[in-house]
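Have a look at the sequence and the model first.

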Amino acid sequence: MMPLLPLKGPSSAVAAMSRRREPPRGTTSTERAEGLAEQYPSAVLAGRRSVRHFSGRAVPVEELARVLATAHAAQHRQWPAADHGDPGLALVVAAHQVDELSSALQLWRPETAAFDSCGTPKWLWRMPAWYAAAPALILICGSIGRTDGISYSQLLVQAGALGHEIWLAARSRGLECSVYGQAVHELSDVLTPGSRHLFTVALGYAVEG
């Protein structure tokens, strides 16, 4: 799988990619998916930075759930399934230090805002070395086979746009993030058949000072 961004690629690339995203062929200009940056305070936007070193402070599960819910809602407003197809984007959290969540892969259920454990594969403990030693690594997954008329490149753009919304929603709640395009192919074993890991957001509290 070709990564969406190089492992060490700058986070600003995600924002630029979101601004350049194109709707499916045939969509009129008035139907283009607009960014939702205006919903965030200017300080959230102005202070965007890639944070790769996180404190040992655990993230409350309520805060994590609110961030994911905010980003999920923004994604659906930006990319309505009726116009853009539904690639079945799913959020799996590698929870390393999340209060009230066991250290495991946790599938976030948008309909209930709850987390379901997907087990503890051996590679789970190697993920901080692959990405960042963050309390939570949010794995954005999706499937091109879920819908007709969506290209693989558009699937990647939608996954990256969702990652950008997670980043903004996290900043609005005092959390910080960094983003990665390197995929964990082994994750396919615990996902819906046909789904793949596409994009990763490391999330936690930044080291101060």
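## Strand pairing and nonpolar cores

In β6, Ala90 has Cys141 as its bridge partner. This is a predicted model, in which local features need pLDDT of at least 70 and side-chain atom pairs count only at pLDDT 80 or more, while totals for chains, interfaces and linings use all residues. Residues are numbered from 1 along each chain as its sequence is written, and side-chain values use heavy atoms, with hydrogens and water left out.

Strands here are DSSP E runs of at least two residues, helices are H or I runs of at least four, and both are numbered from the N terminus. Two strands pair if DSSP finds at least two bridges between them. The pairings of β2 (residues 90-95) are these:

| Partner of β2 | Sense | Bridges |
|---|---|---|
| β6 (residues 136-142) | antiparallel | six bridges |
| β4 (residues 105-109) | antiparallel | three bridges |

On the β4 side, Val93 stands opposite Gln106. Five of the six residues of β2 are buried, so the strand is largely enclosed by the rest of the structure; buried means under 20% relative accessible area with a 1.4 Å probe, protein chains only.

Now to the cores, each a set of buried Ala, Val, Leu, Ile, Met, Phe, Trp, Tyr and Cys residues joined through side-chain atoms within 4.5 Å. The largest has 33 residues, and Ile166 and Phe115 are among those with the most contacts inside it. Both β2 and β6 supply at least two residues of this core, but α6 gives the most, with eight residues. A second, separate core of 21 residues includes Leu105 and Tyr180.

Technical notes: Buried < 20%, exposed > 50% of the residue type's maximum accessible area, 1.4 Å probe, protein only.
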